[in-house]
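Take a walk through this model with the sequence at hand.

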Amino acid sequence: MKTLFFFCKQGHIEKDATNGTYCVYNSDVATGYGVGAFLFLLSSESLLMGVTKCMCFGRSLAPGGDRAWSIIYFVSSWATFLAAEACLIAGAKKNAYHTKYVGMIYAQNFTCETLRKGVFIAGAVFVVATMILNVYYYMYFSKATATKAALKTNRTSSVGMTGYA
């Protein structure tokens, strides 16, 4: 049972004016870490999109495998980024939330323990996935912009065409 308290956040029961009971949780360090991780991930994604001009502006990408991989990593990176941001904000919000329960006659064993760290773990997994995908996106993006597309020059045919007068 002692390991359960390692993962759970303990609150205390209070009564309000209507004689209802509710749990009050002290905001622990996990809320600050969640908000901090959200801000750092947001700034890193903004920096990467600023450097690469969000793949929409600036130099065009040369056709080929590097362009295809950079598009795949770009889309995957944004998907994991949005999932990570959602998990981090949801975890920070839920961690700082004061849950209110109405005391009822059959709620005799009322407890304020709650399991909250799983949302942050999911957010951390998505953050790591976003970081890895961002590295591959930048690697293939820089390869695709460094490769020059084959320029087609106006070649004249060896057979000349004469105009009709």
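An unreviewed UniProt entry lists residues 30–51, 71–92 and 119–139 under "transmembrane region". The model is predicted, and it can be set beside that record. Take residues 71–92. This span is 100% helix and 0% strand. Its end C-alpha atoms lie 32 Å apart. Now take residues 119–139. Here too the chain is 100% helix and 0% strand, with 30 Å between the end C-alpha atoms.

Next, the cysteines. How many disulfides does the count come to? The count is zero. A disulfide is a covalent bond between the sulfur atoms of two cysteines. The cut-off used here is 2.5 Å between the sulfur atoms. For Cys 54, the closest cysteine sulfur is in Cys 56, at 4.6 Å, and that is too far for a bond. Cys 56 is likewise in no disulfide, its nearest cysteine sulfur being that of Cys 54. Their surroundings can be read from accessibility. Cys 54 is partly exposed, at 26% relative accessibility. Cys 56 is exposed, with a relative accessible area of 58%.

Now look at Thr 80, which sits in helix α3, residues 65–96. Is Thr 80 buried or exposed? Thr 80 counts as buried because its relative accessibility is 14%, and the cut-off for buried is under 20%. Beyond its neighbours within four places in sequence, Thr 80 is in contact with Phe 126, Ala 129, Thr 130 and Leu 133. Leu 133 is 53 residues from Thr 80 in sequence, yet their C-alpha atoms are 8.6 Å apart. The Thr 80 side chain also reaches the backbone oxygen of Ser 77, at 3.1 Å.

Key. Residues numbered from 1 in each chain as written. Predicted model: local features only at pLDDT ≥ 70, side-chain atom pairs only at ≥ 80, totals over all residues. Heavy atoms only, no water. UniProt positions renumbered as here; feature names shortened; annotations may be inferred. Helix = DSSP H or I, 4+ residues; strand = E, 2+ residues; numbered from the N terminus. Buried < 20%, exposed > 50% of the residue type's maximum accessible area, 1.4 Å probe, protein only. Contact = heavy atoms within 4.5 Å. Polar contact = N/O pair within 3.5 Å; in protein donor to acceptor, adjacent residues only side chain to side chain.
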